[in-house]
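My notes follow in the order in which I checked them.

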Amino acid sequence: MARQRSVFYLMTVPALLLFFTFHTIPVIQGIFYSFTNWDGFSPSYDFIGIKNYLSVFQDGDVLNSYLFTFKFAVLTTLLVNALSLLIALGLNAKIKLRQFFRGVYFLPNVLSVLIVGYIFNYLFSNVFPVWGAKTGIEALSGNLLGSMEYAWIGIVIVVVWQSLAFNSILYLAGLQTISEDLYEASSLDGAGRWREFWSITFPLIASFFTINMVLSLRSFLQVFDQIIALTGGGPGRATQSIAHLIYTGGFQGQEFAYQSANSVIYLIVIVGISFVQIAFLQKREMDM
């Protein structure tokens with residue numbers, strides 16, 4: 001028994017040390033620098049207290065990036081969960097080529113986010129405008145990513161397309177936990193497909209719905225790679241997310257300490273939203 005316990009310690013302690021070294025220490029360093037005026041390059045810095053935190057709340061660029069990120073995250077979370085649930089229901093049905101369709105839908109999840117982003121950037125910039133010009137469709141005739149008003153739509157399309165695979169797999173796993181006996185009993189009682197979904201399927205995958213909603217919103221609030229590959233935060237600052245602002249300001253704009261304060265605030269916001277979301281959705285699970 002003691003030997004088994006020592007093996008478990010050998011397996012967990014190195015992972016704990018790596019996590020502490022490459023995750024916890026940088027977080028603590030970031031919090032420390034947020035109380036300074038360090039630009040990220042100078043050999044010295046001064047402590048300025050909470051001045052950076054007060055400035056973040058008065059910064060128009062920070063406010064705009066928060067508004068864009070939250071609108072993007074809420075819309076994308078709803079779209080991804082609605083569509084992935086529909087796809088999972090289809091893939092769980094007894095249809096021909098079911099395994100083939102499951103492989104096809106999961107393919108976007110194994111592709112690199114940056115590669116997918118650059119491919120769609122090329123399509124939006126070069127291919128779709130040509131198709132729009134030839135077919136006379138005005139909506140496709142211009143570069144969507146070059147529009148101040150509609151560039152965000154291109155990012156939503158790419159993110160939703162790539163995120164459907166992972167969420168569909170989670171919903172599919174939930175659907176396969178439901179016993180077929182329940183559907184046979186409901187069928188004998190004359191229940192239709194719509195009634196079966198709301199009375200059997202959705203209540204029994206409520207925990208999977210909670211997990212998907214929380215993971216989706218948390219992930220989309222940190223959108224970064226797709227912004228880099230598609231718009232770079234532009235045109236202007238029209239598609240600049242909070243993560244992109246922190247990166248560009250901290251590493252390219254000599255605002256390391258200032259953006260560290262922004263990072264700490266955003267960390268607190270994400271943790272708070274996740275707790276509220278989990279509490280609300282778990283209460284809904286109990287009411288169903």
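**Aromatic pairs**

I counted the aromatic pairs and got 27. The model is a predicted one.

I took the pair Tyr-66 and Phe-70 as an example: the rings are stacked, 6.2 Å centre to centre, with 20° between the planes. I then looked up where the two residues sit. Both are in helix H3 (residues 60-92), four residues apart, so about one helical turn separates them. Tyr-66 is buried, at a relative accessible area of 15%. Phe-70 counts as partly exposed, at 26% relative accessibility.

I next followed Tyr-66 to another ring, that of Tyr-266. The centres of these two rings are 5.4 Å apart and the planes stand at 80°, so I noted the pair as edge-to-face; the cut-off for that is over 60 degrees. This pair links distant parts of the chain, with Tyr-66 in helix H3 and Tyr-266 in helix H12, 200 residues apart. Tyr-266 is buried, with 5% relative accessibility.

I also noted a cluster linked by ring pairs: Phe-32, Tyr-33, Trp-38, Tyr-45, Phe-47, Phe-224, Tyr-247, Phe-251 and Phe-256.

**Backbone**

Most peptide bonds are trans, and most residues other than glycine have a negative phi. I looked for exceptions.

The peptide bond between Gly-234 and Pro-235 is cis, with omega about 0°. I placed Pro-235 in the loop between helix H10 (225-230) and helix H11 (242-251).

Gln-254 is not a glycine, yet its phi is positive, about 55°. I found Gln-254 in the loop between H11 and helix H12 (256-287).

I looked up the largest pocket and noted about 810 Å³ of space. It is lined by 21 residues, and those closest to its centre are Val-27, Ile-246, Ser-263, Val-264 and Leu-267. Helix H1 (2-33), H11 and H12 each give two or more residues to this lining. H12 has the largest share, eight residues. I sorted the lining of the largest pocket into 14 nonpolar, seven polar and no charged residues.

For the second largest pocket I noted a volume of about 650 Å³. Its lining has 18 residues, with Asn-92, Ala-93, Tyr-183, Arg-193 and Glu-196 nearest the centre. At least two lining residues each come from H3, helix H4 (98-110), helix H7 (180-188) and helix H8 (193-204). H8 gives the most, five residues. What is the make-up of the lining of the second largest pocket? I sorted it into seven nonpolar, four polar and seven charged residues.

Technical notes: Residues are numbered from 1 along each chain as its sequence is written. This is a predicted model: local features need pLDDT of at least 70, side-chain atom pairs count only at pLDDT 80 or more; totals for chains, interfaces and linings use all residues. Side-chain values use heavy atoms; hydrogens and water are left out. Rings of Phe, Tyr and Trp (its six-membered ring) pair if their centres lie within 6.5 Å; planes under 30 degrees apart count as stacked, over 60 as edge-to-face and the rest as tilted. Buried means under 20% relative accessible area, exposed over 50%, partly exposed in between (1.4 Å probe, protein chains only). On a 1 Å grid over the protein atoms alone, a cavity is a set of points where a 1.4 Å probe fits but cannot get out, and a pocket is an open set with protein on both sides within 12 Å along at least five of seven lines; lining residues have an atom within 4 Å of a point. Grid points are joined across faces, edges and corners, and a volume is the space filled by probe spheres set on the points. Ala, Val, Leu, Ile, Met, Phe, Trp, Tyr, Cys and Pro count as nonpolar, Asp, Glu, Lys and Arg as charged, and the others, Gly among them, as polar.
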